[in-house]
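User: I am new to this structure and would like to learn how to read its features. Please take me through them one at a time.

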Amino acid sequence: MDKWNIETKCVQSGYRPMNGEPREVPIYQSTTFKYDTSADMAKLFDLEASGYFYTRLQNPTNDLVAAKIAAMEGGTAGMLTSSGQAANFFAIFNIANAGDHIISSSSIYGGTFNLFNVTMRKMGIEFTFVSPDCTEEELEAAFRPNTKAVFGESIANPALTVIDFEKFASAAHAHGVPFIVDNTFPTPVNCRPFEFGVDIITHSTTKYMDGHGSAVGGAIVDSGRFDWMAHVDKFPGLTTPDDSYHGITYAEKFGKEGAFITKATAQLMRDFGSIQAPQNAYYLNLGLESLHVRMKQHCANAMALAQFLKESPKAEFMNYPSLPGDKYYDVAMKYMPNGSCGVVSFGVRGGRAAAEEFMKKLRIFAIETHVADARSCCLHPASSTHRQLTDEELEACGVAGNLVRMSCGLENTEDLIADVANALG
Ligand SMILES: *Cc1c(COP(=O)(O)O)cnc(C)c1O
(Lines give C-alpha, C1' and ligand atoms only; values in the text may rest on other atoms or scores of the structure.)
Protein backbone atom coordinates (compact mmCIF):
# COMPACT_ATOMS: atom_id res chain seq x y z
CA MET A 1 0.00 0.00 0.00
CA ASP A 2 2.91 2.33 0.80
CA LYS A 3 4.19 2.06 -2.76
CA TRP A 4 1.03 3.43 -4.31
CA ASN A 5 1.15 6.85 -5.87
CA ILE A 6 -0.81 9.63 -4.25
CA GLU A 7 -3.72 9.37 -6.74
CA THR A 8 -4.27 5.72 -5.87
CA LYS A 9 -4.00 6.44 -2.14
CA CYS A 10 -6.67 9.17 -2.47
CA VAL A 11 -9.07 6.60 -3.85
CA GLN A 12 -8.03 3.30 -2.26
CA SER A 13 -6.24 3.79 1.08
CA GLY A 14 -7.88 3.48 4.47
CA TYR A 15 -10.93 1.32 4.02
CA ARG A 16 -10.25 -2.05 2.38
CA PRO A 17 -13.45 -4.10 2.55
CA MET A 18 -13.27 -7.84 3.14
CA ASN A 19 -15.32 -10.42 1.28
CA GLY A 20 -18.98 -9.38 1.22
CA GLU A 21 -18.48 -6.14 3.13
CA PRO A 22 -19.88 -2.76 2.00
CA ARG A 23 -17.94 -1.20 -0.87
CA GLU A 24 -18.31 2.30 0.59
CA VAL A 25 -16.94 3.38 3.99
CA PRO A 26 -19.71 2.50 6.46
CA ILE A 27 -20.93 5.26 8.75
CA TYR A 28 -20.81 3.85 12.27
CA GLN A 29 -23.59 6.04 13.58
CA SER A 30 -23.22 4.78 17.12
CA THR A 31 -22.03 6.49 20.25
CA THR A 32 -21.24 3.23 21.96
CA PHE A 33 -20.02 -0.32 21.39
CA LYS A 34 -21.08 -3.57 22.97
CA TYR A 35 -18.88 -6.15 24.75
CA ASP A 36 -19.53 -9.65 26.04
CA THR A 37 -17.66 -9.31 29.32
CA SER A 38 -16.42 -6.52 31.55
CA ALA A 39 -12.97 -8.03 31.23
CA ASP A 40 -13.04 -7.41 27.47
CA MET A 41 -13.89 -3.79 28.07
CA ALA A 42 -11.29 -3.41 30.82
CA LYS A 43 -8.59 -4.31 28.31
CA LEU A 44 -9.64 -1.34 26.21
CA PHE A 45 -9.53 1.00 29.18
CA ASP A 46 -6.04 -0.27 29.99
CA LEU A 47 -5.02 0.29 26.35
CA GLU A 48 -4.12 -3.42 26.37
CA ALA A 49 -6.35 -4.10 23.37
CA SER A 50 -7.38 -1.77 20.57
CA GLY A 51 -11.07 -1.33 19.94
CA TYR A 52 -13.92 1.06 20.41
CA PHE A 53 -16.01 1.86 23.41
CA TYR A 54 -17.27 5.41 23.09
CA THR A 55 -17.36 7.75 20.11
CA ARG A 56 -16.16 10.75 22.15
CA LEU A 57 -12.70 9.14 21.87
CA GLN A 58 -12.75 7.05 18.72
CA ASN A 59 -15.08 5.83 16.02
CA PRO A 60 -14.36 3.25 13.28
CA THR A 61 -15.52 5.51 10.42
CA ASN A 62 -13.18 8.24 11.59
CA ASP A 63 -10.28 5.83 11.92
CA LEU A 64 -10.71 4.49 8.39
CA VAL A 65 -10.63 8.01 6.98
CA ALA A 66 -7.73 9.04 9.22
CA ALA A 67 -5.82 5.99 7.97
CA LYS A 68 -6.31 7.23 4.40
CA ILE A 69 -4.95 10.68 5.26
CA ALA A 70 -2.01 9.10 7.12
CA ALA A 71 -1.23 6.99 4.03
CA MET A 72 -1.46 10.05 1.79
CA GLU A 73 1.03 11.95 3.96
CA GLY A 74 3.29 8.91 4.37
CA GLY A 75 2.82 8.84 8.15
CA THR A 76 2.45 6.00 10.63
CA ALA A 77 -0.70 7.09 12.50
CA GLY A 78 -3.46 9.63 12.14
CA MET A 79 -6.60 10.91 13.81
CA LEU A 80 -9.51 13.11 12.84
CA THR A 81 -10.61 16.06 14.94
CA SER A 82 -13.77 18.16 14.89
CA SER A 83 -11.99 21.08 13.17
CA GLY A 84 -8.63 22.36 12.01
CA GLN A 85 -8.50 24.49 15.15
CA ALA A 86 -8.86 21.37 17.30
CA ALA A 87 -6.11 19.64 15.28
CA ASN A 88 -3.62 22.46 15.86
CA PHE A 89 -4.59 22.78 19.51
CA PHE A 90 -4.17 19.04 20.10
CA ALA A 91 -0.89 18.87 18.17
CA ILE A 92 0.66 21.48 20.47
CA PHE A 93 -1.10 20.66 23.72
CA ASN A 94 -0.15 17.00 23.38
CA ILE A 95 3.47 17.95 24.14
CA ALA A 96 3.37 21.40 25.78
CA ASN A 97 2.12 22.21 29.28
CA ALA A 98 1.86 25.42 31.26
CA GLY A 99 5.36 26.83 31.58
CA ASP A 100 6.45 25.52 28.18
CA HIS A 101 7.32 27.51 25.09
CA ILE A 102 6.61 27.12 21.36
CA ILE A 103 8.21 28.80 18.36
CA SER A 104 5.76 29.53 15.57
CA SER A 105 6.01 31.13 12.19
CA SER A 106 4.26 34.49 12.33
CA SER A 107 2.74 33.85 8.92
CA ILE A 108 -0.14 31.57 9.85
CA TYR A 109 -3.93 31.39 9.70
CA GLY A 110 -5.56 34.12 11.81
CA GLY A 111 -7.55 31.61 13.85
CA THR A 112 -4.40 29.69 14.72
CA PHE A 113 -2.58 32.91 15.59
CA ASN A 114 -5.36 33.82 17.99
CA LEU A 115 -5.46 30.31 19.46
CA PHE A 116 -1.74 30.53 20.19
CA ASN A 117 -1.34 34.16 21.05
CA VAL A 118 -4.44 34.61 23.21
CA THR A 119 -6.05 31.37 24.34
CA MET A 120 -3.03 29.13 24.78
CA ARG A 121 -1.12 31.97 26.45
CA LYS A 122 -3.93 32.04 29.01
CA MET A 123 -3.19 28.36 29.59
CA GLY A 124 0.38 29.30 30.43
CA ILE A 125 2.09 28.31 27.18
CA GLU A 126 4.41 30.96 25.77
CA PHE A 127 4.84 31.60 22.05
CA THR A 128 7.57 33.32 20.11
CA PHE A 129 6.62 34.27 16.57
CA VAL A 130 9.34 34.37 13.95
CA SER A 131 9.13 35.41 10.31
CA PRO A 132 9.09 32.46 7.91
CA ASP A 133 11.89 34.35 6.16
CA CYS A 134 14.04 34.63 9.30
CA THR A 135 17.73 33.81 9.14
CA GLU A 136 19.10 30.70 10.82
CA GLU A 137 20.56 32.99 13.51
CA GLU A 138 17.20 34.63 14.20
CA LEU A 139 15.55 31.23 14.42
CA GLU A 140 18.29 29.98 16.72
CA ALA A 141 17.83 32.98 19.01
CA ALA A 142 14.14 32.12 19.51
CA PHE A 143 14.85 28.82 21.29
CA ARG A 144 14.63 28.57 25.06
CA PRO A 145 15.39 25.65 27.37
CA ASN A 146 11.61 25.05 27.70
CA THR A 147 10.86 25.15 23.94
CA LYS A 148 8.82 22.06 23.03
CA ALA A 149 8.02 22.43 19.33
CA VAL A 150 8.36 24.56 16.22
CA PHE A 151 5.22 25.26 14.19
CA GLY A 152 4.49 26.64 10.73
CA GLU A 153 2.19 26.39 7.70
CA SER A 154 3.51 24.86 4.49
CA ILE A 155 1.68 27.57 2.52
CA ALA A 156 0.29 30.17 4.89
CA ASN A 157 -3.36 31.18 4.76
CA PRO A 158 -3.88 33.95 3.65
CA ALA A 159 -0.36 35.39 3.17
CA LEU A 160 0.74 32.56 0.80
CA THR A 161 4.25 32.51 2.22
CA VAL A 162 5.96 29.14 1.78
CA ILE A 163 8.00 27.83 4.67
CA ASP A 164 11.48 26.40 4.19
CA PHE A 165 10.93 22.97 5.75
CA GLU A 166 14.59 22.04 5.91
CA LYS A 167 15.64 25.27 7.65
CA PHE A 168 12.97 24.95 10.35
CA ALA A 169 13.30 21.16 10.72
CA SER A 170 17.05 21.22 11.21
CA ALA A 171 16.81 23.98 13.84
CA ALA A 172 14.03 22.08 15.66
CA HIS A 173 15.95 18.81 15.59
CA ALA A 174 19.18 20.46 16.77
CA HIS A 175 17.19 21.45 19.87
CA GLY A 176 15.53 18.04 20.28
CA VAL A 177 12.00 19.17 19.47
CA PRO A 178 9.58 18.25 16.66
CA PHE A 179 8.61 20.47 13.73
CA ILE A 180 4.83 20.58 13.31
CA VAL A 181 3.39 21.76 9.98
CA ASP A 182 -0.15 22.66 9.00
CA ASN A 183 -0.34 21.31 5.44
CA THR A 184 -3.90 22.44 4.69
CA PHE A 185 -3.25 24.54 1.59
CA PRO A 186 -1.11 22.34 -0.67
CA THR A 187 -2.61 19.06 0.64
CA PRO A 188 -0.52 15.88 0.37
CA VAL A 189 -1.38 15.82 -3.33
CA ASN A 190 0.99 18.75 -3.93
CA CYS A 191 3.32 18.58 -0.94
CA ARG A 192 4.39 15.90 1.53
CA PRO A 193 6.28 17.63 4.34
CA PHE A 194 7.44 14.36 5.95
CA GLU A 195 9.80 13.97 2.99
CA PHE A 196 11.60 17.13 4.12
CA GLY A 197 12.08 16.50 7.84
CA VAL A 198 8.70 17.54 9.26
CA ASP A 199 7.62 15.37 12.21
CA ILE A 200 3.90 16.02 12.64
CA ILE A 201 1.32 17.31 10.17
CA THR A 202 -2.02 18.93 10.84
CA HIS A 203 -4.89 19.73 8.50
CA SER A 204 -8.05 21.70 8.35
CA THR A 205 -9.93 19.09 6.31
CA THR A 206 -12.65 21.73 5.96
CA LYS A 207 -10.67 23.07 3.00
CA TYR A 208 -9.55 21.14 -0.11
CA MET A 209 -9.83 17.71 1.48
CA ASP A 210 -13.57 18.07 1.91
CA GLY A 211 -13.57 20.56 -0.94
CA HIS A 212 -17.32 21.10 -1.16
CA GLY A 213 -18.03 23.25 1.87
CA SER A 214 -19.91 20.37 3.52
CA ALA A 215 -18.12 19.50 6.74
CA VAL A 216 -15.81 21.25 9.20
CA GLY A 217 -13.01 18.94 10.28
CA GLY A 218 -9.35 18.46 11.07
CA ALA A 219 -6.66 15.80 11.08
CA ILE A 220 -3.30 15.09 12.71
CA VAL A 221 -0.72 12.72 11.22
CA ASP A 222 2.49 11.50 12.84
CA SER A 223 5.56 10.70 10.74
CA GLY A 224 6.55 8.16 13.40
CA ARG A 225 10.12 9.41 13.23
CA PHE A 226 10.50 11.68 16.23
CA ASP A 227 12.32 9.82 19.01
CA TRP A 228 10.56 10.96 22.19
CA MET A 229 12.60 8.60 24.38
CA ALA A 230 15.79 10.33 23.23
CA HIS A 231 14.46 13.45 25.01
CA VAL A 232 12.91 11.93 28.11
CA ASP A 233 13.06 15.13 30.17
CA LYS A 234 11.51 17.33 27.52
CA PHE A 235 8.37 15.27 26.89
CA PRO A 236 7.33 13.74 30.22
CA GLY A 237 3.75 13.29 28.95
CA LEU A 238 5.02 10.74 26.46
CA THR A 239 8.04 9.34 28.28
CA THR A 240 6.81 8.89 31.87
CA PRO A 241 3.83 6.90 33.18
CA ASP A 242 0.34 8.37 32.66
CA ASP A 243 -1.49 7.92 35.95
CA SER A 244 -4.80 8.55 34.25
CA TYR A 245 -4.12 5.41 32.15
CA HIS A 246 -2.89 2.98 34.74
CA GLY A 247 0.71 3.99 34.49
CA ILE A 248 1.20 3.51 30.76
CA THR A 249 4.25 5.19 29.21
CA TYR A 250 3.10 6.02 25.69
CA ALA A 251 6.51 6.22 24.01
CA GLU A 252 7.48 2.82 25.43
CA LYS A 253 4.24 1.01 24.81
CA PHE A 254 3.37 2.42 21.39
CA GLY A 255 6.83 3.34 20.08
CA LYS A 256 7.78 6.26 17.89
CA GLU A 257 5.15 5.21 15.36
CA GLY A 258 2.12 5.30 17.63
CA ALA A 259 2.82 7.22 20.83
CA PHE A 260 1.82 10.72 19.77
CA ILE A 261 -1.56 9.83 18.24
CA THR A 262 -2.39 7.31 20.97
CA LYS A 263 -1.77 9.91 23.69
CA ALA A 264 -3.75 12.58 21.82
CA THR A 265 -6.66 10.14 21.47
CA ALA A 266 -6.54 8.57 24.92
CA GLN A 267 -6.00 11.81 26.85
CA LEU A 268 -7.02 14.82 24.79
CA MET A 269 -10.01 13.31 22.98
CA ARG A 270 -11.15 11.74 26.22
CA ASP A 271 -10.97 15.06 28.05
CA PHE A 272 -11.92 17.57 25.34
CA GLY A 273 -14.14 15.43 23.12
CA SER A 274 -13.34 17.36 19.93
CA ILE A 275 -14.35 14.37 17.83
CA GLN A 276 -15.43 14.60 14.21
CA ALA A 277 -18.95 13.31 13.59
CA PRO A 278 -18.72 9.98 11.71
CA GLN A 279 -21.15 11.42 9.13
CA ASN A 280 -18.67 14.23 8.47
CA ALA A 281 -15.82 11.74 8.18
CA TYR A 282 -17.88 10.02 5.48
CA TYR A 283 -18.26 13.31 3.56
CA LEU A 284 -14.55 13.93 4.01
CA ASN A 285 -13.76 10.56 2.47
CA LEU A 286 -15.87 11.38 -0.58
CA GLY A 287 -13.84 14.57 -0.95
CA LEU A 288 -10.54 12.72 -0.60
CA GLU A 289 -11.47 10.32 -3.40
CA SER A 290 -11.37 13.17 -5.93
CA LEU A 291 -8.76 15.40 -4.25
CA HIS A 292 -6.01 14.63 -6.77
CA VAL A 293 -8.32 15.41 -9.69
CA ARG A 294 -9.65 18.62 -8.14
CA MET A 295 -6.26 20.01 -7.05
CA LYS A 296 -5.11 20.08 -10.69
CA GLN A 297 -8.03 22.27 -11.73
CA HIS A 298 -7.81 24.52 -8.65
CA CYS A 299 -4.13 25.08 -9.44
CA ALA A 300 -4.67 25.62 -13.17
CA ASN A 301 -7.34 28.24 -12.46
CA ALA A 302 -5.16 29.95 -9.87
CA MET A 303 -2.18 30.02 -12.20
CA ALA A 304 -4.27 31.64 -14.95
CA LEU A 305 -5.64 34.21 -12.51
CA ALA A 306 -2.15 34.94 -11.18
CA GLN A 307 -0.85 35.51 -14.71
CA PHE A 308 -3.76 37.82 -15.46
CA LEU A 309 -3.29 39.84 -12.25
CA LYS A 310 0.44 40.12 -12.78
CA GLU A 311 -0.24 42.01 -16.00
CA SER A 312 -3.13 44.06 -14.64
CA PRO A 313 -2.47 47.71 -13.69
CA LYS A 314 -5.34 47.40 -11.18
CA ALA A 315 -3.36 44.98 -9.06
CA GLU A 316 -0.84 46.72 -6.81
CA PHE A 317 0.84 43.45 -5.84
CA MET A 318 0.06 39.79 -6.30
CA ASN A 319 1.03 36.60 -4.47
CA TYR A 320 1.04 33.15 -6.00
CA PRO A 321 3.97 30.93 -5.05
CA SER A 322 3.90 28.84 -8.23
CA LEU A 323 4.28 31.87 -10.53
CA PRO A 324 7.86 32.68 -11.57
CA GLY A 325 8.90 35.96 -9.96
CA ASP A 326 6.95 35.34 -6.74
CA LYS A 327 9.05 35.84 -3.62
CA TYR A 328 8.45 32.18 -2.68
CA TYR A 329 8.79 30.69 -6.17
CA ASP A 330 12.11 28.95 -5.52
CA VAL A 331 11.09 27.42 -2.22
CA ALA A 332 7.72 26.38 -3.72
CA MET A 333 9.47 24.71 -6.65
CA LYS A 334 11.69 22.85 -4.19
CA TYR A 335 8.91 21.48 -2.00
CA MET A 336 5.84 21.47 -4.27
CA PRO A 337 7.07 21.41 -7.88
CA ASN A 338 3.79 20.12 -9.31
CA GLY A 339 1.68 22.97 -7.96
CA SER A 340 0.82 24.77 -4.75
CA CYS A 341 -2.84 25.63 -4.18
CA GLY A 342 -5.83 27.36 -5.74
CA VAL A 343 -5.54 30.56 -3.74
CA VAL A 344 -4.14 33.80 -5.13
CA SER A 345 -4.01 37.01 -3.17
CA PHE A 346 -3.55 40.51 -4.48
CA GLY A 347 -3.76 44.13 -3.44
CA VAL A 348 -6.43 46.16 -5.21
CA ARG A 349 -5.02 49.49 -6.35
CA GLY A 350 -6.87 52.24 -4.51
CA GLY A 351 -6.69 50.74 -1.03
CA ARG A 352 -9.24 49.20 1.28
CA ALA A 353 -12.28 50.91 -0.31
CA ALA A 354 -11.29 49.82 -3.82
CA ALA A 355 -10.92 46.26 -2.55
CA GLU A 356 -14.44 46.30 -1.14
CA GLU A 357 -15.83 47.86 -4.35
CA PHE A 358 -14.12 45.18 -6.48
CA MET A 359 -15.59 42.40 -4.40
CA LYS A 360 -19.12 43.76 -4.70
CA LYS A 361 -18.90 43.55 -8.51
CA LEU A 362 -17.82 39.90 -8.70
CA ARG A 363 -20.50 37.52 -9.98
CA ILE A 364 -18.85 34.10 -9.76
CA PHE A 365 -16.44 34.60 -6.84
CA ALA A 366 -18.69 34.83 -3.78
CA ILE A 367 -17.74 36.65 -0.58
CA GLU A 368 -17.26 33.91 2.02
CA THR A 369 -15.21 33.15 5.11
CA HIS A 370 -13.96 30.10 3.29
CA VAL A 371 -11.32 28.94 0.86
CA ALA A 372 -10.51 25.82 -1.05
CA ASP A 373 -14.03 25.10 -2.21
CA ALA A 374 -15.36 23.74 -5.53
CA ARG A 375 -17.07 27.13 -5.92
CA SER A 376 -14.83 30.17 -6.28
CA CYS A 377 -14.92 32.52 -3.34
CA CYS A 378 -13.09 35.55 -2.03
CA LEU A 379 -12.44 37.37 1.20
CA HIS A 380 -11.10 40.67 2.49
CA PRO A 381 -9.11 39.49 5.55
CA ALA A 382 -8.61 42.96 7.06
CA SER A 383 -12.35 43.37 7.55
CA SER A 384 -13.19 39.75 8.40
CA THR A 385 -10.94 36.91 9.59
CA HIS A 386 -8.15 39.24 10.69
CA ARG A 387 -10.39 41.95 12.19
CA GLN A 388 -9.21 41.26 15.73
CA LEU A 389 -5.57 41.91 14.87
CA THR A 390 -3.81 45.23 15.32
CA ASP A 391 -2.13 46.90 12.33
CA GLU A 392 1.26 45.64 13.51
CA GLU A 393 -0.06 42.09 13.89
CA LEU A 394 -1.64 42.32 10.43
CA GLU A 395 1.70 43.32 9.00
CA ALA A 396 3.45 40.45 10.81
CA CYS A 397 0.91 38.05 9.24
CA GLY A 398 1.63 39.55 5.82
CA VAL A 399 -1.89 40.91 5.38
CA ALA A 400 -2.27 44.37 3.80
CA GLY A 401 -5.45 46.44 4.15
CA ASN A 402 -6.23 46.16 0.43
CA LEU A 403 -5.40 42.45 0.19
CA VAL A 404 -8.12 40.25 -1.28
CA ARG A 405 -7.84 36.48 -1.07
CA MET A 406 -9.19 34.80 -4.20
CA SER A 407 -9.92 31.09 -3.92
CA CYS A 408 -10.26 29.62 -7.39
CA GLY A 409 -12.82 26.87 -7.58
CA LEU A 410 -13.41 24.27 -10.26
CA GLU A 411 -15.24 26.47 -12.79
CA ASN A 412 -14.07 27.23 -16.32
CA THR A 413 -10.83 29.21 -16.37
CA GLU A 414 -11.92 31.88 -18.87
CA ASP A 415 -15.15 32.49 -16.97
CA LEU A 416 -13.21 33.17 -13.78
CA ILE A 417 -10.77 35.56 -15.45
CA ALA A 418 -13.66 37.39 -17.12
CA ASP A 419 -15.39 37.76 -13.75
CA VAL A 420 -12.29 39.33 -12.20
CA ALA A 421 -11.55 41.52 -15.23
CA ASN A 422 -15.10 42.85 -15.21
CA ALA A 423 -15.08 43.60 -11.49
CA LEU A 424 -11.73 45.40 -11.69
CA GLY A 425 -13.32 47.59 -14.38
C1 LIG B 1 -9.07 27.09 8.06
C2 LIG B 1 -7.73 26.80 8.57
C3 LIG B 1 -7.54 26.37 9.88
C4 LIG B 1 -8.67 26.20 10.86
O5 LIG B 1 -9.46 25.14 10.44
P6 LIG B 1 -11.03 24.97 10.82
O7 LIG B 1 -11.37 23.69 10.17
O8 LIG B 1 -11.73 26.16 10.27
O9 LIG B 1 -11.09 24.93 12.30
C10 LIG B 1 -6.26 26.06 10.29
N11 LIG B 1 -5.21 26.22 9.44
C12 LIG B 1 -5.36 26.65 8.18
C13 LIG B 1 -4.16 26.79 7.30
C14 LIG B 1 -6.61 26.96 7.69
O15 LIG B 1 -6.75 27.39 6.43
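Analyst: What follows goes from the whole chain to single residues, and the model is a predicted one.

User: How many helices and strands does the protein chain have?

Analyst: The secondary structure comes to 17 helices and 12 strands.

User: What does the radius of gyration say about the protein chain?

Analyst: The idea is to set the value beside the one for a compact globule. With 425 residues, such a globule would have a radius of gyration near 22 Å, and the protein chain has 22 Å, so the two agree. The C-alpha atoms fill a box of roughly 70 × 55 × 35 Å along the principal axes.

User: What share of the residues is buried?

Analyst: Buried means under 20% relative accessible area. By that cut-off, buried residues make up 56% of the 425 residues. The accessible surface comes to about 17,000 Å², and 51% of that surface belongs to carbon and sulfur atoms.

User: How should I read contacts by their separation in sequence?

Analyst: Take the contacts between residues at least 6 apart in sequence; here, 72% of them join residues at least 24 apart.

User: What span should helix α13 have, at 1.5 Å a residue?

Analyst: The expected span is 1.5 Å times one less than the number of residues. Helix α13 covers residues 291-311, which is 21 residues, so it should span 30 Å; its end C-alpha atoms are 30 Å apart, in agreement. Its buried residues include Arg294, His298 and Asn301.

User: Which residues is Leu410 in contact with, leaving aside its neighbours within four places in sequence?

Analyst: They are Arg294, Gln297, His298, Asn301 and Ala374. Leu410 itself sits in the loop between β12 (403-407) and α17 (413-424). Its relative accessible area is 30%, so Leu410 is partly exposed, a class that runs between the buried limit of 20% and the exposed limit of 50%.

User: Where does a positive phi occur in a residue that is not a glycine?

Analyst: Thr187 is one case, with a phi of about 60°. Thr187 is found in helix α8 (residues 187-190), and at 1% relative accessibility it counts as buried. Ala372 is another case, with a phi of about 65°. Ala372 lies in the loop between β10 (366-367) and β11 (377-379), and its relative accessible area of 0% makes it buried.

User: Is the peptide bond from Asn157 to Pro158 cis or trans?

Analyst: The angle to look at is omega. For this bond omega is near 5°, and the bond is cis. Pro158 is in the loop between β4 (147-153) and α7 (165-174).

Conventions: Residues are numbered from 1 along each chain as its sequence is written. This is a predicted model: local features need pLDDT of at least 70, side-chain atom pairs count only at pLDDT 80 or more; totals for chains, interfaces and linings use all residues. Side-chain values use heavy atoms; hydrogens and water are left out. Helices (H or I, at least four residues) and strands (E, at least two) are DSSP runs, numbered from the N terminus. The radius of gyration is taken over C-alpha atoms; the globule rule is 2.2 Å times the number of residues to the power 0.38. Buried means under 20% relative accessible area, exposed over 50%, partly exposed in between (1.4 Å probe, protein chains only). Contact means heavy atoms within 4.5 Å. Accessible areas come from the Shrake-Rupley method with a 1.4 Å probe; for residues, only the protein chains shown count as cover.
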